[in-house]
Each structure stands twice: as structure tokens, then as C-alpha cells.
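Student: Could you take me through one part of this structure up close? I'd like to look at the salt bridges.

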Amino acid sequence: MATQFIVEGGQRLAGTVRPSGNKNAALPIIAAALLCEHPVTLQNVPRIRDVETLVDLVRSVGAVAEWDITDEHTLHIHARTVRAALLDPGLCARIRASILLAAPLLARCGEVALPPPGGDVIGRRRVDTHFLALSDLGATFELGERFVLSARKLRGADIFLDEPSVTGTENAIAAAVAAEGITVLRNAACEPHVQDLCNFLIALGARIDGVGTNQLTIHGGQTLRGGSFAIGPDHIEVGSFIGLAAVTRSELRIASAGVRHLRAIRMGFERLGVHCVVAGDNNDDLIVPGEQSLKIKPDLGGHIPKLEDQPWPAFPADLMSIAIVTATQCDGEILMHEKMFESRLFFVDKLVGMGARIILCDPHRALISGPAQLRGSTVESPDIRAGMAMLLAALCARGTSTINNVGQIERGYEKIAARLRALGAKIDDVAERRR
């Protein structure tokens, strides 16, 4: 288990990289597997810390969850019996996704007491949407040291979510699948990982209409059967590799990239002067050429452009940190507007210390002027996405950088140091010292 990366910057990379399974799909799908009393097999599951923590929580409530002995990315879950156990507060505090157990345990056991979830410290992350939706479906809840929910019977309802929360939508979907009657879920999140959850439940026998839109109709009460399902590629990891290729001036091929989900991501990078080419027999690979203009495209009339995150299918919030580092290496000025989390942009002070020209206008907006020659430094990984962004900065910087607290990166990017070394990066991962 690494705690530190030592990175020698300025290396050109080359080769093919394959994105891991979508972390944000694997987590709700593992939780939703508790709805089914029959064996479920999940393929292309990323072996990252957040997933391992959720697997431990699933085991703690009585389900069997075992990794396949021949394929390390295949997970077998059998939730024939599930009990409303007291969930380990320490495990729940490690991951935001622990809250995804609320609906499946409520459906199977009639009650659940959840310790507060953890996750990245990127600003206030409200849970109101979860409880309001579950309340509409017939649950009652009390908020104290734990979130206590109970429901004698879940009933279908017409629900308008107060915000298109991804995890709130996923909890509502899981509860609605178990509820009696029809649920219409409006203002729902529709990210690729939400679509994967819906398609997983459909594969088990659920009836869900409107997958991929912000209005879902769920015919609840269907008997779920066992089955298998393959997790789709992580589009955030694909976007990270696009940024990696751009800042290191490298040609990379991203295999099985899930191109159909990448239109907004590609448009965002094209605004920075980064162009990608679709390739492969199934038109599902993405090539990032080594020769790029890296020139920020001004808005009509020559105005400074803006790149902002919005709910899917717009540019995703989880790629804003990567886009900011990429912009430091591009010619021109651009305003980055991160709308969702008021603490996510605070990592830019570390980039400024490395030589980036960035003005942090407020907690949500940063003005980047490039290109800037970054220099090696000692920095900290504050969260998953900012940590990966700092790794990209170190790889394009002049000199050697030390990145501490890399466990944050490894929560979301599987074996990232080894995978980047295979492309030619010079990264040493320093293992945790045993006492």
C-alpha cells in the first residue's frame, strides 16, 4: 500500500491504456445486489479501496461476497440472507457510497441504521435528497448520531427530486424497484453510472423505462433473479488519460473507452485545444495524438471562454481538476467554473506553488493563463480527483515531485502508478512502512 509517489517529470509517454470499470457504477450496483436473494456475478469491477470497503460492509450485513479466484475483477455476491446489522462506523466514514446501502437494507429488512457517510472533503454534500425520496416511497426516518430509516412497506410514488443527485437517484431507484406499484422519478440524474445501475437491475428482472433520461418509470415489485453483469468503462478515468496525454505531449490509445458517453468530455478538451480521434473495430477506442494545438479557443468575438461543469450529459464535475491542470499547459486564458462543490478548487494553490498562473476568483471559479512551465515540488493529494490532477502536474513538471497521501488517489484509480509506468512514466511508489 503506497503512501507516496516520487515522480520524475518531463517524460514522453506512449502506448495503450484501458480504463478500469466505472467506480461510481460498481458501488451502487454492489449495494443493489442486496435486493436479490439469488447469486449475482459482477464483472470488470475495479479493485480500488472504495470498492473493497463497500464489499466489507456488504459482508457485514450477512451477504456472501467473494472475488473470483481466476479473475481478480469479477465479484460474486449472494445475498440470500441479509440482516439489519449495525454497520461499522469506521468503514462508513471511509466512503460516501455507504449511504447507498440505505435503500437495499430498508427493502430487505424493513429498517436500517446508517452511520454518517464519509468520502472526499470537497465541500458540503447534502443527503436531503436521499431521505426525501425514500420518505415519498413510504419510509420514515430519524436523524441523529445515525440515520435511522424504517418502512413496513414501500409503495410506488410520483417523485420530483429536489436536485439531480447521483447517489440520491440511485437510492431512489433501488427502493422503487422493491416497492409495490409504479414510481415515476423526475429530475433524476442520468450519468453513465446511473444508467449502468438501471441496466443491471433490468438484467435481474426489474422493469425500468427511460434509462438515460431524467425521468424514469419504475414498475416495482418484480421478482429479481440471479445473473451476471459487466460494469462499463470509467469515463472519468478516460478523461484523466486525455489530460495526461495532453500535458505530457504524448500519443496514447485509450482502448474500450466507451466513446458514446464522451461527447461532452471531448468538447470540453477541444476548448483547450486537445483533439481526440475515434478508432478501433467497434469505434470504441480513443486516440489522443501527440501533436496538439494546445491553444485555448476563445468565444466568439475573442472573449475569454468558460468551461463549467453541469449535470450529465454536460462536462462532469469530477473532471474539473484534470481540466485545470491541462489548461495550465495550453496557450491562452480560460475561466473554470466548478459549480457543485465549494472546496474542490482549493487545490489550485499547490499548482500555483509549482509555477501555474492561476487566479482563484472565489471558491467556485478560477482563471487560468497558460502555458506555464511547472516545476517539481512536494505536494499533498487532498482528494481522489485533485490527487490525480496533481499527478498529471508532476508528470509534466520540470524536475522531481513528491506526492504525499496517495491513498486518496488509489481510492479511485486502480494500480495507477504501475499502469503509468507501463506507458513510460517514471514513478516510484513508496510503500507504507511497517512498524
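Tutor: Let's start with a term: buried means under 20% relative accessible area, exposed means over 50%, and partly exposed is in between (1.4 Å probe, protein chains only). Keep in mind that this is a predicted model, where local features need pLDDT of at least 70, side-chain atom pairs count only at pLDDT 80 or more, and totals for chains, interfaces and linings use all residues. Residues are numbered from 1 along each chain as its sequence is written, and side-chain values use heavy atoms, with hydrogens and water left out.

Now the pairs. Side chains of opposite charge can pair when their charged atoms come close. A salt bridge here is a side-chain nitrogen of Lys or Arg within 4 Å of a carboxyl oxygen of Asp or Glu, and the whole structure has 19 of them.

Take Arg186 and Asp158: their closest N and O atoms sit 2.8 Å apart. Arg186 belongs to strand S10 (residues 181-186) and Asp158 to strand S9 (residues 158-160), so this bridge ties together parts 28 residues apart in sequence. (Strands are DSSP runs of E, at least two residues, numbered from the N terminus.) Arg186 is partly exposed at 28%, while Asp158 is exposed at 52%.

Next, Lys306 meets Glu308 at 3.6 Å, N to O, and Lys306 is partly exposed at 35% relative accessibility. Arg365 and Asp362 also form a salt bridge, at 2.8 Å from N to O. Arg365 is partly exposed at 32%, and Asp362 is partly exposed at 23%. Elsewhere, salt bridges with shared partners link Asp318, Glu338, Arg344 and Arg385 into one network.

Methods: Helix = DSSP H or I, 4+ residues; strand = E, 2+ residues; numbered from the N terminus.
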